[in-house]
Amino acid sequence: MSERSTPRTIPIAAGQPRALPLPVQAFAAPAVADRPLQDQRQRPLRDLRISVTDRCNFRCTYCMPKEVFDKDHAYLPHSALLSFEEITRLARRFVDLGVRKIRLTGGEPLLRKNIEALIEQLAALRTPEGAPLDITLTTNGSLLARKARALKDAGLNRVTVSLDGLDDTVFRAMNDVDFPVESVLEGIAAARDAGLGPVKVNMVVKRGTNDDQILPMARHFRGSGVVLRFIEFMDVGATNGWRMDDVLPSADVIRRIQQDMPLVALEAAAPGETAQRWGYANANGQWDRNAGEVGVISSVTQAFCADCNRARLSTEGQLYLCLFAGQGYDLRSLLREGRSDEEIGNALSWIWRQRGDRYSELRSLSSTTGSQRPRVEMSYIGG
Ligand code: SAM
Ligand code: SF4
Ligand code: SF4
């Protein structure tokens with residue numbers, strides 16, 4: 001099989017974290033229903049990330065290391081996955097409560113069979129004001145070249161592609177399944193041609209592993225219309241052998257680019273945005289819009305919990321309120337035990353109102369490197 005034909009599907013054991021309990025009163029109409037929905041730290045619910053599969057054809061060392069996610073890992077049976085109808089039913093309730101953006105993720109979301117059908121269902125949803133949602137997808141790009149057009153036709157607005165280097169040897173080592181960089185670049189080009197832009201490219205930076213790719217990546221995407229973002233290697237999950245020494249702080253990333261191409265700081269595009277934006281400067285020190293921008297996502301060195309408006313729905317329907325949470329709420333049971341839409345909406349509202357999560361903030365306050373509590377894997381709830 002050529003590397004450009006069907007990628008291998010490798011099972012992932014998700015484990016079955018025990019769900020958080022929902023008290024009886026969670027299903028009753030909230031007493032404060034007339035107030036806008038906010039959590040304990042006055043954060044609204046805006047962004048829903050839905051993991052549509054626990055499988056991936058890559059073995060990125062920072063996410064699904066081969067030694068852990070090997071051939072003996074059992075993946076979820078199909079009956080455990082939320083169906084498209086179940087996902088859409090939940091999404092509708094989330095939209096009622098304030099969600100305006102849905103991101104499909106995984107595992108590798110393009111491995112989920114007929115994902116276009118789900119996108120069509122989600123694209124048909126409307127906010128209470130009658131507006132469509134912003135529907136995006138994060139992918140490793142391996143199947144994008146052949147799927148971009150169908151995704152766009154189904155109603156997808158934009159894509160984010162993960163790409164950890166331009167050098168083929170470095171990239172093949174990062175994905176650890178020997179996948180060539182050229183195929184991902186073809187996927188990015190196809191996404192742009194299909195109108196899935198502005199395409200964002202995410203590069204996870206591991207010090208000493210792919211940090212020599214920062215400048216080549218910045219030079220390659222400067223002026224291309226693609227927004228490149230550098231992500232600090234995070235201590236998410238429990239299997240990627242994370243060490244603070246492997247983190248290259250975003251400030252260093254920006255410093256390295258600045259030495260080659262001057263940058264100016266830009267305003268955040270939207271409240272709760274995770275990336276800090278930098279524009280390429282012209283000779284007058286002003287933002288050269290034609291040259292575009294880069295972003296840094298400083299999840300480790302600069303916590304952005306204060307504005308975090310994201311909820312995450314796992315492949316089997318567990319709702320996680322933080323990327324670093326150890327447990328979620330079992331929404332699949334609510335669907336399958338016959339709860340009404342109203343009861344499910346009330347429960348979601350109850351869950352969000354009691355949310356207090358701020359893991360990254362606490363990590364930066366603590367003298368140790370993060371908590372030792374069990375944490376769910378990134379490949380299970382998506383990025
Ligand atoms: N498979 C798809 C992909 O790679 O784009 C979607 C799922 S992946 C879990 C989502 C994002 O999480 C990717 O951009 C990936 O680079 C990022 N990610 C995974 N593990 C990470 C880690 N330990 N630190 C920082 N980012 C990570
Ligand atoms: Fe797969 Fe994405 Fe994780 Fe890489 S980051 S192993 S592509 S889920
Ligand atoms: Fe949001 Fe949790 Fe990340 Fe803080 S640590 S920004 S609460 S996902």
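Predicted model: local features only at pLDDT ≥ 70, side-chain atom pairs only at ≥ 80, totals over all residues.
Start with ligand 1. Around this ligand there are 20 residues. Those that come nearest are Gly107, Ser162, Val204, Met234 and Met378. Look at the atoms next. A nitrogen atom of ligand 1 lies 3.0 Å from a backbone N or O atom of glycine 107. Another backbone takes part too: an N or O atom of the methionine 234 backbone lies 2.9 Å from a nitrogen atom of the ligand. Serine 162 uses its side chain instead. An N or O atom there is 2.5 Å from an oxygen atom of ligand 1.

How much of ligand 1 does the protein cover? On its own, the ligand has 550 Å² of accessible area, and the protein covers 96% of that. Strand 3 (134–139), strand 5 (200–205) and strand 6 (227–232) each give two or more residues to it. By class, the shell around ligand 1 holds 8 nonpolar, 10 polar and 2 charged residues.

Ligand 3 sits among another set of residues. These are Phe304, Cys305, Cys308, Arg310, Arg312, Cys322, Leu323, Phe324, Asp357, Arg358, Tyr359 and Ser360. Strand 10 (310–313) and helix 10 (359–365) are the elements that give two or more residues to this shell. Here the classes divide into 7 nonpolar, 1 polar and 4 charged.

Next come the aromatic rings. The whole structure holds 4 aromatic pairs. One of them joins phenylalanine 58 and phenylalanine 179. Their ring centres are 5.1 Å apart, and there is an angle of 45° between the planes, which makes the pair tilted. Phenylalanine 58 lies in the loop between strand 1 (47–51) and helix 1 (84–96). Phenylalanine 179 lies in the loop between helix 4 (168–175) and helix 5 (181–194). The two residues are 121 residues apart, and their pair links distant parts of the chain. Are these two residues buried or exposed? Both are buried. Ring pairs link Phe58, Phe171 and Phe179 into a cluster.

A second pair joins tyrosine 329 and tryptophan 350. Why is this pair called edge-to-face? The planes stand at 85°, so the pair is edge-to-face, with ring centres 6.5 Å apart. The cut-off for that label is over 60 degrees. Tyrosine 329 is in strand 12 (residues 329–330), and tryptophan 350 is in helix 9 (residues 341–353). They are 21 residues apart. Tyrosine 329 counts as buried because its relative accessibility is 6%, and the limit for buried is under 20%. Tryptophan 350 has a relative accessible area of 26%, so this residue is partly exposed.

Lysine 206 lies over the face of phenylalanine 233, at 4.9 Å from the ring centre.

Finally, visit a few residues in the strands. Threonine 160 is in strand 4 (residues 158–162). Its relative accessible area is 1%, so threonine 160 is buried. Which side chain does the side chain of threonine 160 contact? The partner is arginine 103, in a polar contact of 3.2 Å between side chains.

With a relative accessible area of 11%, asparagine 202 is buried. Its side chain makes a polar contact with the side chain of arginine 229, at 3.2 Å. Lysine 200 is also found in strand 5. Lysine 200 carries a charge class, yet its relative accessible area is 16%, so this residue counts as buried. Compare lysine 200 with arginine 89. They are 111 residues apart in sequence. In space, their C-alpha atoms are 28 Å apart.

Technical notes
Residues numbered from 1 in each chain as written. Chains lettered and ligands numbered in written order. Heavy atoms only, no water. Near = heavy atom within 4 Å. Helix = DSSP H or I, 4+ residues; strand = E, 2+ residues; numbered from the N terminus. Polar contact = N/O pair within 3.5 Å; in protein donor to acceptor, adjacent residues only side chain to side chain. Areas by Shrake-Rupley, 256 points an atom, 1.4 Å probe, with all protein chains shown as cover. Phe/Tyr/Trp six-rings, centres within 6.5 Å; stacked < 30°, edge-to-face > 60°. Buried < 20%, exposed > 50% of the residue type's maximum accessible area, 1.4 Å probe, protein only. Lys NZ or Arg CZ within 6 Å of the ring centre and 35° of its normal.
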